Amino acid sequence: MLTVLLSSILLSDTVATEKVQNLDEVVIVSEAGRGRKRSVKGQVASIDEHLSELKNVSLVRRGSYAWEPVVNNMQTERLSTTIDGMKIFYACTDKMDPVTSYVESGNLQSISLNSGLDGNPQATGNIGGSLDLKLRKAGFDNDPFHASASAGHEWNGHVQVYGADAALSSHRIYLNAGAFFRHADNYKVGGGDELQFSQFQKVNVFTNAGLRLTEKDMLEATFIFDRASDVGYPALNMDVAKAEGLITSLSYKHLFPGASWETKVYYNHITHEMDDTKRPDVQIHMDMPGKSWTAGVYSLLTTSHKQHDVALNYDLYYNCLFADMTMYPGGAAPMYMVTWPDVGTLNTGVAVTDNVRIGRNQSLRLSAKVAWQQQRLNNEEGYHALKVFFPSMTDAYHQTTGRIAANYQLSIVNCQFNLGAGWGSRAPTVTEAYGYYLNNTFDQYDYIGNPSLKNESAVELNAAVKWHPTERVNVTLDGNVFLFSNYIIGQFETRLSPMTVGAEGVKVYGNISHATIANVSLSWDWQITEHLQWNKKVSYSAGRDADGDALPLISPISWQSEWIYQHQRFQAQATIKGNARQNNYGEKYGETAAKAWTIVNLSAAYQWSMVNGQWSIRFGVENLFDKQYATYADWNHIPQKGRNIYMNLTFEL
C-alpha cells in the first residue's frame, strides 16, 4: 500500500493542513489550478489513456470511445467509481457509457485508485477496488489569473482535440471554467484496413467555483455538461446517437483546529440512446434508450490526534435506472419491452478509517463500512414480465452490505513490507437482479436478471515488498488473491428461448458457491544516469470458478518496458509493451483466446517560454511497426489502431 502525502492549503497561503491517505496509486492529470499534464500526450490525452497508466487497471474496449475500467481483473459490477466522491451510474444496459466517460482530462486534477476492499470513504460494493476522479479546481490564494489552450491531431482516424480553460483566484473567491471538444473518424487497424463504426464526437463544458464565507467556512460548486454523439461501437450490434450527462454539486467546508468537515449535496442525470439506423442489413430496427439519475449527499469529517489520522463519513444516495426497447419488425406491429424496470435504489452507509502511526517505522490502516440498501421496481410492466419467471418475487428488496480491511506496513533500512487482509460484500446490480432479455455480444446470449440472488462476498489477502538497494533503484513485488463466496455470473437456462435474432440461448444470473481471482506483479525503476531512466513491469493473473474452469476476461501475462530521457525542457520516451498468448481463457463462458502481441511507442516533448506564456509541444508515434493486434480485453477481438502519429500543442498564460 503506497502512502501518499497530500498537502492542501485550506485557510490561507500561510496555513496548511496535511492529510495522509493510503492510496495504491495516483495518476496526476494536472497540477492544482494548472493545465500541465503528465501523460505523454499532454492535455489532450483522453481519460482512458490516463486510466491505463494505473498499474492495477486495464480497460475493456468496445470501440474508440468510453472504455470500461477493470481493476484487479474485475469489471464495473465489483468496482466503485466516483467523481469527487459523487455516486454516478451509467444509463446503458450494454455498459457503453462508464462513469469515467462523462468527464474530460481538462477538468481533472488526478485519478486515485484504492485496490481491493480498502476503498475510499464513499465507495460501496468495491470488492475489486475503487476509483475517484478528482476535479481540477482553481482553489483559493492561487494565481490571480491563469488560462490555457490546447490543440491536438492524430493522423490515424483524423482525431481532432481542442480545449481551453481559464481560472480566477483570490483569498475570497475562485472560479475556473473550460470547454473540450473531440472528433474522430473511423481508424485504420494494423495493415491499413479501415475499421467501420469506430468514429465519435464529444463536447464537455465545466465550471467550478468557490466562496470563502469566513476564514473557516467555504462553499464550493461544480457544474459539468458532457455530450457524446455519433459514437460507433464496432464490437457491438448498435452504435450510440447520444450519451449526455449533467453533473452538479454544492459543498460546504468548515475547518477546526487539526480537523475539517465537508458536506456535499449532488445531483446528476444521464441519458443514453442506442442507434442502429446507420448499420447495414439490420433485420429488426430497435430503439433502446436508457436513463439514470442520482441525488445524494455525503458528510466527511477528518481529524488528527497524536498517532491517529481518522476519517468518518456518512453518505446517502437515491438512484433511478430505467431502460426499454421497441422493436420494429418489417410489416408487423412494433414490439415493446422494459429491460430495466425503473429500479429505484436507496443506499445509505457509514464508513470509518484510521491511519495509525506505530513508532517511526510502522503503521497500521484500519477501514470499515456498513451500508443498507432498498430497491423498488416502479414500472408495473417490467415487474410483471419478470414475475413470469420468478412467481414469488416482490416489487421491493433490501440488503445490508459491508466491508472491513486492515493493512500493516513495516520499513526496515532499505525495505518496506506491506501485509493486508479484508472482507467485503456487494449487492447484485440492477442488471444482475432485474435485467430482462439483455443481449450480450461477448457470448451471444440473452441475459435475464434474478431477484433472488444472494449478496456476493469475498476475502482479500494482499502483500507487497519494496526494495531500495540504492537511491537509483526501486524494486516492487506485490500480489493479491480474492476468495469469493456466492460469486454472481450468468448461468445456462436451456428451458428458455432467446429473443434476440442470432442469439445462441438464454442465461440467468445466479450464484456459484465460490471463485478465485489472483494477481501478482513485479516492477522496477532504475535511474541509470542523471538523464536516463528505465522502468519495467511484468504481471500475471488467474481466475477460476467453482468447477476449476477459467473465468472470462482475466489478463494473460502482460509486460511493459520504457526508457525515459530527460534533459532540461526536453523529454523523450520509448515504450515496448505486450501480452503473452491467453492460454487460460473462459471457454465455458464464450471467450476465445487472444493472441500474443508486442508493440513499440515513441514520444517526445519540449517546453519553452515566449510572449509571457509557457508553450509545450508533444509528438509521437504509437504502434510504430503497424502491428495488427487485439488485447484480451478488446470486445470480440476488435483490432486496435495501427500506426498512429500524433502532435499536440499547449499554451498557458
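This is a predicted model: local features need pLDDT of at least 70, side-chain atom pairs count only at pLDDT 80 or more; totals for chains, interfaces and linings use all residues.
Residues are numbered from 1 along each chain as its sequence is written, and side-chain values use heavy atoms, with hydrogens and water left out. Local features need pLDDT of at least 70 and side-chain atom pairs count only at pLDDT 80 or more, whereas totals for chains, interfaces and linings use all residues.

The mean pLDDT (the predictor's confidence in each residue, from 0 to 100) is 92, and 95% of the residues reach 70 or more. Over residues 1–20 the pLDDT stays under 50, and the model has 54 contacts (heavy atoms within 4.5 Å) for them beyond four places in sequence. Residues 33–37 also have pLDDT under 50, with 27 such contacts beyond four places in sequence.

Side chains of opposite charge can pair when their charged atoms come close. With a salt bridge defined as a side-chain nitrogen of Lys or Arg within 4 Å of a carboxyl oxygen of Asp or Glu, the count comes to 30. One of them joins Glu-456 to Arg-78, with the closest N and O atoms 2.8 Å apart. Glu-456 belongs to strand β25 (residues 456–470) and Arg-78 to the loop between β5 (68–71) and β6 (79–83), so that distant parts of the chain, 378 residues apart, are linked; strands (E, at least two residues) and helices (H or I, at least four) are DSSP runs, numbered from the N terminus. Both Glu-456 and Arg-78 are buried, which means under 20% relative accessible area, with exposed being over 50% and partly exposed in between (1.4 Å probe, protein chains only).

Glu-456 also forms a salt bridge with Arg-426, at 3.0 Å between the closest N and O atoms. Because Arg-426 lies in strand β22 (residues 415–426) and Glu-456 in strand β25, this pair ties together parts 30 residues apart in sequence. Arg-426 is buried, as is Glu-456.

On a 1 Å grid over the protein atoms alone, a cavity is a set of points where a 1.4 Å probe fits but cannot get out, and lining residues have an atom within 4 Å of a point. Grid points are joined across faces, edges and corners, and a volume is the space filled by probe spheres set on the points. The largest cavity holds about 640 Å³. It is lined by 30 residues, of which Thr-76, Glu-77, Leu-79, Phe-89 and Thr-429 are the closest to its centre. At least two lining residues come from each of β6, β18 (308–328), β19 (335–358), β20 (362–377) and α3 (430–434).

Asn-72 is placed in the loop between β5 and β6. Its phi is near 55°, a positive value in a residue other than glycine, and Asn-72 counts as buried because its relative accessibility is 3%. Phe-197, in the loop between β12 (173–184) and β13 (200–214), likewise has a positive phi, near 60°. Most residues other than glycine have a negative phi.

Notes. On a 1 Å grid over the protein atoms alone, a cavity is a set of points where a 1.4 Å probe fits but cannot get out, and a pocket is an open set with protein on both sides within 12 Å along at least five of seven lines; lining residues have an atom within 4 Å of a point.
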